[in-house]
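Welcome to this guided tour. Please open the structure in your viewer and get ready to select residues as we go.

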Amino acid sequence: LPISYPESVTAVPAVIALMFFVCGFVMFPALISIIHAGNFIAGDQEKGVLLLLASKPLQRWKIIAAKYLSFLVAFIPLILASLGLMYLLIWAMGIGQAPGGVFWGFFVWILTLVIVYTSIATLFSSMTRRPMEAILATLILFMVWITVDFIMVYLPKNIADVLSLFTLSYHAQTFSSYISGGQAISLMLYT
């Protein structure tokens with residue numbers, strides 16, 4: 001005999017699948033930025049390029065700012081391509097088509113994640129001698145933040161409300177909800 005489940009139980013796998021689908025497209029640019037930004041200072045120091053740059057009459061903060069800003073400008077097309085692919089796959093799966101505000105809300109959300117993780121990886125890169133140490137330290141912090149975001153679903157509401165103020169997803173979702181008029185927030189509640 002086939003088992004019949006209530007409608008709310010059968011809807012859960014679809015929500016979880018959408019959660020992991022959207023989360024994958026959001027986290028891919030963040031992971032790429034961590035790997036690349038971890039190489040900013042420590043990689044140049046390991047190769048000897050930093051010594052050459054430091055011998056020029058440039059202030060050190062300008063060197064770091066130029067590397068950081070050039071990376072972000074070059075990274076925006078990757079974010080747009082990732083979002084375009086995500087929307088194309090959502091449309092191909094028959095889930096629907098989102099309005100433009102949702103697209104720009106996701107763009108701001110991913111850009112916020114990329115800026116924060118690039119900043120943290122750059123900080124760790126300036127504190128370590130090898131790029132792998134900076135990348136590993138940032139990935140550990142990345143995994144802790146992701147774990148805290150997923151664990152909050154199981155915490156009591158009052159504890160989760162206080163703890164959410166310290167998560168990156170809360171602030172990124174706040175920024176993107178301003179851009180999309182609150183429409184993007186409905187898809188990001190589960191990521």
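Predicted model: local features only at pLDDT ≥ 70, side-chain atom pairs only at ≥ 80, totals over all residues.

Residues are numbered from 1 along each chain as its sequence is written, and side-chain values use heavy atoms, leaving out hydrogens and water.

**Stop 1: helix α6.** Select residues 131-151, the 21 residues of α6. Helices here are DSSP runs (H or I, at least four residues), numbered from the N terminus.

Now colour P131, A134, I135, T138, F142, I146 and D149, the buried residues of α6. Buried means under 20% relative accessible area and exposed over 50%, with partly exposed in between (1.4 Å probe, protein chains only). Because these residues cover an arc of only 100° around the axis (taken from the directions from the helix axis to the C-beta atoms), they sit on the same side of α6. Turn to the other side of α6 to find M132 and L136, which are exposed.

**Stop 2: T138.** Zoom in on T138, which is buried with a relative accessible area of 0%. Beyond its neighbours within four places in sequence, T138 is in contact with I34, Y117, I120, A121 and F124. Contact means heavy atoms within 4.5 Å.

**Stop 3: Y117.** Select Y117 next: leaving aside neighbours within four places in sequence, its contacts include T138, F142 and W145.

Key
Helix = DSSP H or I, 4+ residues; strand = E, 2+ residues; numbered from the N terminus. Expected span 1.5 Å × (residues − 1).
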